[in-house]
Amino acid sequence: MAEMAAQGKSPEILFWVGCAGSFDARAQKVTRALCEILNHAEVEFAILGSEERCTGDPARRAGNEFLFQMTATTNIETLNMYGVKKIVTACPHCFNILKNEYPELGGHYEVVHHTQLINELIVNGNLKLKEGGDFKGQRITYHDSCYLGRANDVYEVPRALLESLDVDLVEMKRSRKNGLCCGAGGAQMWKEDEPGDKRISLERIEEALETNPTAVVANCPFCLTMLQDGLKAKEKNEQIPVYDLSEMILSRL
Amino acid sequence: MIQSLLFILVAGVSGWFAWKGFSRVWRNIQLGKPEKISGNTSQRWRNVLLVAMGQQKMFKNWLPAVLHLFIYVAFVITQVELIEIFVDGIFGTHRFFAPYLGAFYTFVISSIEVLSVLAFVATIIFLSRRNLLRIARFQKPEMKGFPSRDANLILLGEIILITGIFCMNGGDKVLQARGVEHYHLTGDFAVSTWLGPLLFGGMSNGAVVIIERFGWWLHIFTVFGFICYLPYSKHLHIILAFPNTWYARLTAKGHMENMPEIQLEVRIMMGLPPLTPADGGESAPDGNPSGELPEFGANDVFSLSWHNILQAYSCTECGRCTAACPANITGKKLSPRKVMMDVRDRAEEVGAAIASGRQAVAAYDDGKSLFDRITPEELHACTTCNACVEACPVLINPLDIILQMRRHEILTQSAGPAEWLPMFNAIENAGAAWAMSEPREAWRDA
């Protein structure tokens, strides 16, 4: 972003990479996939790079409002300095907090999740999917992330993308509004589960496996980690991959 | 004459008891912090009409939804008959409205009878779901003791009420057919026209009059008992569901309440001016004139909003939240229903201590708090997934309370899971949720 600003350019969209997208090896692949898709569609975009900080979602949900306010205010100062209007992110936690909680702190942007942006590009004809492809006709189950789903009522856009990939979408028993959490939200990602019978990720992946899928699809870097952990525990991680929707779209460009 | 006096006496006494009970609930709700909730009245009306009156969210699970609807509609329509019972009770008349309404009267009473039969069936099924089938959400630890008895008592009351209706109407029909004085003709009622003769046809006039009067008094006694019992029961939801859906939050479920006082502190610390409403911020809160260290988050009913306490009293302990909670499903201690019950029970405890004069509102200190009921282990198990919020048929938000208590734990007690400290430190020092050695853009070179 700094480079573009120095050249006097203001890109139409800022890609908010997020901590997972920046540092988590699995989520980095999603970050690169989204960049390729945006380049393919000739969308002019920028990233904040080292000027991006954690949005503060895990801190705020853990109860640390001071830390959240500090990091969020710093981010808003940066975003407003560059005059950012529209933000895309591949992380539903970043999406939710930028969209719903930054305005009260003085950060007003149009925020979209990457599945929404990709869908928009396809609908507008800026992205054309090739015929056929690996996923055509495959049994695939889709996991609603809590922060895209219940938190923001986005259920149908990711499903529309799956439809454009011609997959055989099989829903889990608990889906859409009734979807079951992967177990990572509310800062659980940074701690062990409280004492109980089993991990939430295992409960969820067992439900996914009941649909007898060839692949599981998610839209959130934390869900990716949790679902993969669950598959490992079930010793199914070799046979069944967990994809982010963007990776499936990329394979068809 | 004696009956009229007796009726007025019973009505007066139960009115007084009900008044006491409802004012107690009202006062306890006021224990919470003031919070102004307004705006978007059209959406609020929509919620009241669709969610409370129309029971929209019950229909996620159609079987209990339909059964619940039978009882609900029967209850509402029976209120029409209750007006007549009051008129007859006070003036010593008998079926006062019948001559004026004619066929319409027959239709109304017939509708009440049909719905009462449906409600009777529903009640029997509900009792067996709780006590024979033992549906999982009714068997959680927080349901032991009074909560389970409370539910069964209400269902039993329902059966008694319906028994009263059919004794009253059935007896009446038999006496009408025999042309007994005082029992004027009312047309054929859908159920009691055949049920009455079937049950009481072989009895003497005197015996049937006793049954008819017994039914009438049983009905009204159950109603009065019910009104007095409501403010002590989970069944209060039949009233509070309406204000509760009206005051429900209308923002996206993912939105977490802002803390303007901390926002202001942080902005001052960072050398930034306070946000004005024009920037989208809330107006800056007043300073802290007492000079005491402020408490952040909630540890008691006083630090929750009145709205949280209203929600606690609106909860009918159905447990749909707990059945949907990923933490509870996987055997963790957290149960969103228990959170609501704990807040209500604490409000009852605090309210009782204040009412008895043992404690004053301003300096309340009984050495206890919400943390004696809701443990950190429960709070730490929450994934903030909003499944409980989505599940509640009357728009209660247990997550809001959990998050306010987490805030108290971290900000006021400086406690919380030790595993979160590295994350906090990383965000504060490195601007990332993990402490990483490589730069944030390293993914570009991979």
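This is a predicted model: local features need pLDDT of at least 70, side-chain atom pairs count only at pLDDT 80 or more; totals for chains, interfaces and linings use all residues.
Chain B contributes 65 residues to the contact, and chain A contributes 69 residues. Together the two chains bury about 5800 Å² between them, with carbon and sulfur atoms giving 63% of that area. On the chain B side, three residues stand out: B:Trp434, B:Arg440 and B:Trp443 supply 16% of the area that chain B buries against chain A, more than any other three residues.

The rule finds 3 salt bridges across the interface of chain B and chain A. A salt bridge joins B:Arg440 to A:Glu52, whose closest N and O atoms lie 2.8 Å apart. Side chains of opposite charge can pair when their charged atoms come close. Polar contacts across the interface of chain B and chain A come to 32 residue pairs, with both residues at pLDDT 80 or more. Several helices of chain B each supply at least two residues of the side that touches chain A, among them helix H10 (260–269), helix H15 (376–380), helix H17 (398–412) and helix H18 (420–430). The largest share of that side, 6 residues, comes from H10(B). By residue class, the side of chain B that touches chain A divides into 33 nonpolar, 13 polar and 19 charged residues.

Turning to the individual chains, the structure holds 43 salt bridges over all chains. In chain A, A:Arg252 forms a salt bridge with A:Asp166, with 4.0 Å between the closest N and O atoms. This pair links distant parts of the chain, 86 residues apart: A:Arg252 sits in the segment after helix H11 (245–250), while A:Asp166 sits in the loop between helix H8 (156–164) and strand S6 (168–169).

Chain B, for its part, carries a nonpolar surface patch of about 520 Å², made by B:Leu6, B:Leu9, B:Val13, B:Trp16 and B:Phe17.

Notes. Residues are numbered from 1 along each chain as its sequence is written. Chains are lettered from A and ligands numbered from 1 in the order in which they are written. Side-chain values use heavy atoms; hydrogens and water are left out. Contact means heavy atoms within 4.5 Å. Buried area is the accessible area (1.4 Å probe) that two parts lose on being put together, summed over both. A salt bridge is a side-chain nitrogen of Lys or Arg within 4 Å of a carboxyl oxygen of Asp or Glu. A polar contact is a pair of N or O atoms within 3.5 Å; within protein, one must be able to donate a hydrogen and the other to accept it, and residues adjacent in sequence count only if both atoms are side-chain atoms. Helices (H or I, at least four residues) and strands (E, at least two) are DSSP runs, numbered from the N terminus. Ala, Val, Leu, Ile, Met, Phe, Trp, Tyr, Cys and Pro count as nonpolar, Asp, Glu, Lys and Arg as charged, and the others, Gly among them, as polar. Patches are made of residues with over 30% relative accessible area and no salt bridge: like charges are joined within 9 Å, nonpolar side chains (Val, Leu, Ile, Met, Phe, Trp, Tyr) within 5 Å. Accessible areas come from the Shrake-Rupley method with a 1.4 Å probe; for residues, only the protein chains shown count as cover.
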